Amino acid sequence: MTLKKNKSNTSKSIAKIKQLRKQEPSYQELVKGILEGDKAFLARAITLIESSNQDHSKKANLIIENCLLNSKASVRIGITGVPGVGKSTFIEALGKMLTGLGKKVAVLAVDPTSSLTKGSILGDKTRMELLAKDPNAFIRPSPSSESLGGVARKTRESIILCEAADYNIILVETVGVGQSETVVHGMVDFFLLLKLAGAGDELQGIKRGIMEMADGVVINKADGANKAEAQKAKVEFTGALHLYPAKENNWYPKVLTCSALHNEGISAIWDMITDFTSLAKDNKTFEQNRIRQNQNWFLETVNDRLYQEFYKDTLVKKELNKLLIDIQENKISPFYAAKKLIALKKSP
């Protein structure tokens, strides 16, 4: 009787262990699941990337290293525009068209984080309901926690995982404010600027920085009474783009119109993107751009790590407060104070 009871308890323990293992898969299991295209495993791996837990970070790094070895060809497309321009509607229309062509599409959203709740404030899955249900699409909003640099790193690492899962089209959506446009431009192959017509957005968009970054401009919501305004905006943007030289790959950015809501003009936009990538691959600038981006991210990561480690140092923290008081009381110049603080880390 006791033997049977012990066997029963052992069986229950084994079952419990198996259940726990299922709940916390190893990095090998996660990599295997990602390579097999399992969305659940891909989502769990990205959660590890986003975690600030040190153990999770170690596991995430092992996953990334293995996925890099199994990375597949893709086209990375950055999409930006001011709030209200219809980015989500556009991405859903483009994504559905691409899955219809047999492509696998991953959407990674560079989300700001709510300063109150620390949660993602863009409900991408609810705003892209049809695409979210598509078996060949994967949507992942990425809250930035405290910094844009943080979400940029997480998004970039998520791209690697999505490519290993055989998603050959990666769409990276920005919030269209501040530095996010520049950051996303530095991780994609094609950068698309969405604009509105008839809302004062034409003049707002003709800025040197954003226009120089754009590989293509699309006037969205070109439907109904707004069609004429969209055509007018197209002429204005085309004229503005002619002021800039050709891109490194000899590409001249184009201006197109579309109505994402009515699914009009979407295929022409995809044709523009494929024309761009074909040209870039032919003249070798596609791969050169990827190499340059990797090198830049390496240097930025080094700078970020050095910055974090420096300010975490106990001696630095203690001396920093003293020096700030000394600067306030004009006892020391900011430049000499900086020299003293840096010297602390140089000391044995």
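View 1. Beyond neighbours within four places in sequence, Thr285 contacts Glu248, Asn249 and Ala280 (heavy atoms within 4.5 Å). This is a predicted model, in which local features need pLDDT of at least 70 and side-chain atom pairs count only at pLDDT 80 or more, while totals for chains, interfaces and linings use all residues. Residues are numbered from 1 along each chain as its sequence is written, and side-chain values use heavy atoms, leaving out hydrogens and water.

**View 2. The aromatic cluster of Phe190, Trp251 and Phe276.** Phe190 and Phe276 pair edge-to-face, at 5.0 Å centre to centre and 85 degrees between the planes (ring centres of Phe, Tyr and Trp, the last by its six-membered ring, within 6.5 Å; planes under 30 degrees apart are stacked, over 60 edge-to-face, the rest tilted). This pair joins strand β5 to helix α13 across 86 residues. Trp251 and Phe276 are also edge-to-face, with 5.4 Å between centres and 85 degrees between planes. Because Trp251 lies in the loop between α12 (227-241) and β7 (254-257) and Phe276 in helix α13, their pair ties together parts 25 residues apart in sequence. Phe190 is buried at 0% relative accessibility, and Phe276 is buried at 6%.

**View 3. Charged groups over aromatic rings.** The charged end of Lys104 sits over the ring of Tyr167, 4.4 Å from its centre (NZ of Lys or CZ of Arg within 6 Å of the ring centre and within 35 degrees of the ring normal). Lys281 lies over the face of Phe286, 4.9 Å from the ring centre.

Terms used. Helix = DSSP H or I, 4+ residues; strand = E, 2+ residues; numbered from the N terminus. Buried < 20%, exposed > 50% of the residue type's maximum accessible area, 1.4 Å probe, protein only.
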